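Let's take a walk along the place where two chains meet. Have the structure open as you read.

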Protein chains: 2
Amino acid sequence: MTEPLSADMFPGPGCGDRPMPFRVGDKWTGWVLRCLDAGPRRFSELRVPLHWVTPKVLTETLRAMERDGFLTRTVHDERPPRVTYELTLLGRSLIGPLDGACAWAREHAPEIAEARGAYRS
Amino acid sequence: MTEPLSADMFPGPGCGDRPMPFRVGDKWTGWVLRCLDAGPRRFSELRVPLHWVTPKVLTETLRAMERDGFLTRTVHDERPPRVTYELTLLGRSLIGPLDGACAWAREHAPEIAEARGAYRS
DNA sequence: CAGTATCCTAGGAGATACTG
DNA sequence: CAGTATCTCCTAGGATACTG
């Protein structure tokens, strides 16, 4: 059994505002990758840490990732309905570069902030 | 003396259309990084390989990179005017993750293409 | 529960033309 | 040479409400 995802797994919508010069796929793809890293999740589980993403946009993100072969969408024939999303091997292979990007950001974000502060005109 | 940049250094505008789930900064930031990798370049030099980017957009890209401390812009007091762009250490530090992203794309692009082809609905 | 259906808007990006 | 100045357009993304 995988641990439940925390509602404050990510600091907030502000994440996207930090000086992060890397982007994986669509705006929320990176966060979804993180959420699915530990195992399959259902839609409502993803909505917990990503509560600042509307269901429409989350659906779009998930569909795009499915289309590109990053994850599989499984509809379980139950009542109430249960749908789970799980990373494919291809999707997992994105984690490496994603970690690289995050490491870069963690290391260099202060320099960007400083450069922005010093920038005039 | 650095080698001149080739007009077909990049396949074409289609580059951006290939399944490339990574993005560094703005749309053309990655390409500019590549162009400046070998040494400082002037505006018109950059326009050679990036001839499918309008001057306005290229300027915007360069200004954003300058603002974030990725490159320096030097105006030489000459006639005709000469302006050169050069990567900072911070800008150079982006090359590593960029290479990682490109390696990923080179290795996995076929899988994405296949997934897209197989995707129905 | 797991989404759709609508409507709307900001700004990234491009085309075209002009200038210190 | 190294850019500006306008104008325009598109679509990713969001707000809100509803449904099988």
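Start with who takes part: chain B brings 23 residues to the contact, and chain A brings 22 residues. Keep in mind that this is a predicted model. How much area is buried between chain B and chain A? The value comes out at about 2,200 Å², with carbon and sulfur atoms giving 67% of that.

Now for the charged and polar side of things. Between chain B and chain A you'll find 2 salt bridges. One to look up joins the side chains of Arg116(B) and Asp68(A), at 2.5 Å from N to O. As for polar contacts, 7 residue pairs make them between chain B and chain A, counting pairs with both residues at pLDDT 80 or more.

Which elements of chain B give two or more residues to the side that touches chain A? They are strand E1 (22–24), helix H3 (55–67) and helix H5 (95–118). H5(B) supplies the largest share of that side, with 8 residues. Sort the chain B side by class and you get 12 nonpolar, 4 polar and 7 charged residues.

Definitions and conventions:
Residues are numbered from 1 along each chain as its sequence is written. Chains are lettered from A and ligands numbered from 1 in the order in which they are written. This is a predicted model: local features need pLDDT of at least 70, side-chain atom pairs count only at pLDDT 80 or more; totals for chains, interfaces and linings use all residues. Side-chain values use heavy atoms; hydrogens and water are left out. Contact means heavy atoms within 4.5 Å. Buried area is the accessible area (1.4 Å probe) that two parts lose on being put together, summed over both. A salt bridge is a side-chain nitrogen of Lys or Arg within 4 Å of a carboxyl oxygen of Asp or Glu. A polar contact is a pair of N or O atoms within 3.5 Å; within protein, one must be able to donate a hydrogen and the other to accept it, and residues adjacent in sequence count only if both atoms are side-chain atoms. Helices (H or I, at least four residues) and strands (E, at least two) are DSSP runs, numbered from the N terminus. Ala, Val, Leu, Ile, Met, Phe, Trp, Tyr, Cys and Pro count as nonpolar, Asp, Glu, Lys and Arg as charged, and the others, Gly among them, as polar.
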